[in-house]
Amino acid sequence: MNLAQARTSKFTIRIGGLVSPQTRCLSSLKPTVENEYYVPRADRSGPNDSFVFNKLGDGRLARCARHSPTRELNFTPAHWERQKSVWLRFRAVRAIFHSSPFQRLMFPDLFAVGATATALSAYNTQVATNYMEQLTLHGSALAGATTAIGMLVAFRLNASYGRYDEGRKFWGEINNAARDLAGNACMWIEDPYQKDRMLKLIKAFPVINHFHLNGKGGHYMIPDDHPESAEKIYAEFHAELLDIYKDEEHEDFKYICSGYKQKIHLPLHVSSGMRRIIADNGAYVHAFYNKTMDEQVRRIVMCLGQAERVLRTPLPTDFTRHTSRLLALWSFLLPFAIYDGCGPIGVVPASMLISYAILGIEDVGLQIEEPFNILPIRQYSDGINAGVDAIVAGYDLLDNNPLKQLAAQQEMAAPEMTTTTTPEEPMIEDSTTFEIEETDSDEDEPRAAAS
């Protein structure tokens, strides 16, 4: 075993029943299917080349099914200009039938409301012989319930947005901690091999955390009912990780892939590997610097725990079910309350439009309640990867300075020039002594004349 393998073996020990990658065959870690969606960074023509956009522009991903939510990407100044356009409301109304809330509510919610309104209109016009036999409900009976339901839906949306905002802040903190840890590693980890391992683990952590918090790792186009869906997801995970390590023989790469197959808690294992590298660095660096690097790892692990809290603890399910029950009852009673005002023809579209307005707010709250299914986490991972590369390149800026490299090349090309410039200092000393000798000789002449 060489020195590099001995260092790596400190990380690839048997933990929690995981067999060390050194005892596993590399062919067993290769996916049985090819990845279809992930595009390596070197093959991308732009920052969003690995995404499939919808018809509304490059600001959101294409939805793979009718019930899929809207998934926005990182905004740019151009996106903000479009967002603040005076034509925003007209564009939104024009695209109402393509919006994700409408398509999710179209069936069965709006269909059931429309069917109820149609049946009510048919009964009141074809079966009922007079006004007393018509099925109607006074508007005041539903007005109080409408106010209460509106407040309930607004509270539900605010609570869901709080979870969405928390998820975004957690990933922002992971980004900041990863940048700090990468800069500290460049300064204070003296072993080049261990430094390279640390930087690769920093890049790999957001990818691993993405697949940990989102079962598909953001590859939503993979169907759930596909017989090879699990292997397809692993193929995308393998491709993303290989884009970081570039070498399937790397021990950390094999360890992570093996751990993914055995379904261990990979984010915690990777953070422990970072801390082991910091601990092994104690013989070369003062303990204060290692403690500073461990603080960055602690920040990452803290964000991981907070993200897991958001993922595993939804809003109280009794509250969610109670809100859904009230909204269902309210939407089914709505045609009876507005029948007198809208008539047998207008009651159907009016019921569906009002129900869409209220149910749509509740539907948006349901979707953003799980933030890691909405946020563009792959873009966050790419940003962390690019940030680490920029930190490493900036730290080595002096070594990669073109002027310095040109000077070194010239010095190697003309070694004789350096030898001709060295004897200049003795020549100055000779001329100085000569002047001193001349001064001494001048002072001797008056003495001779006096004698």
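Reader: How do the axes of α9 and α10 cross?
Author: This is a predicted model. In it, the axes of α9 and α10 come within 10 Å and cross at roughly 175°.

Reader: What makes α9 roughly antiparallel to α10?
Author: The angle is roughly 175°. Angles over 145 degrees count as roughly antiparallel. So α9 is roughly antiparallel to α10.

Reader: Which residues in α9 and α10 meet?
Author: On the α9 side, P267, L268, S271, M274, R275 and I278. They meet N290, M293, D294, V297, R298, V301 and L304 in α10.

Reader: Which residues of the largest nonpolar core touch the most other members?
Author: M198, I202, I256 and M274, in a core of 51 residues. Helices α5, α6, α7, α8, α9, α10 and α12 each supply at least two of its residues.

Reader: What does I256 touch, leaving out residues up to four places away in sequence?
Author: L201, I208, F237, L241, Y245, L266 and V270. There is also a second, separate core of 19 residues, with L105, A117, V153 and I338 among them.

Reader: How many aromatic pairs does the structure hold?
Author: The structure holds 15.

Reader: Why is the pair of F102 and Y356 called edge-to-face?
Author: The ring centres are 5.7 Å apart and the planes stand at 70°. A pair needs centres within 6.5 Å, and edge-to-face needs planes over 60 degrees apart. F102 is in helix α4 and Y356 in helix α11, 254 residues apart. F102 and Y356 are both buried.

Reader: Why is the pair of Y234 and Y260 called stacked?
Author: Centre to centre, Y234 and Y260 are 5.6 Å apart, with 25° between the planes. Planes under 30 degrees apart count as stacked, so the label holds. Y234 lies in helix α7 and Y260 in helix α8, so the pair ties together parts 26 residues apart in sequence. Y234 and Y260 also belong to one aromatic cluster with F211 and F237.

Reader: How do you know that Y234 counts as buried?
Author: Its relative accessibility is 2%. Buried means under 20%. Y234 therefore counts as buried.

Reader: Where does the charged end of K261 sit?
Author: Over the ring of Y234, 4.3 Å from its centre. The distance cut-off is 6 Å. R71 lies over the face of Y220, at 3.4 Å from the ring centre.

Notes: Residues numbered from 1 in each chain as written. Predicted model: local features only at pLDDT ≥ 70, side-chain atom pairs only at ≥ 80, totals over all residues. Heavy atoms only, no water. Core = buried A, V, L, I, M, F, W, Y, C linked by side-chain atoms within 4.5 Å. Buried < 20%, exposed > 50% of the residue type's maximum accessible area, 1.4 Å probe, protein only. Helix = DSSP H or I, 4+ residues; strand = E, 2+ residues; numbered from the N terminus. Contact = heavy atoms within 4.5 Å. Phe/Tyr/Trp six-rings, centres within 6.5 Å; stacked < 30°, edge-to-face > 60°. Lys NZ or Arg CZ within 6 Å of the ring centre and 35° of its normal. Axes fitted to C-alpha atoms, helices over the stretch in contact; angles between N-to-C directions. Parallel < 35°, antiparallel > 145°, perpendicular 65-115°, else oblique.
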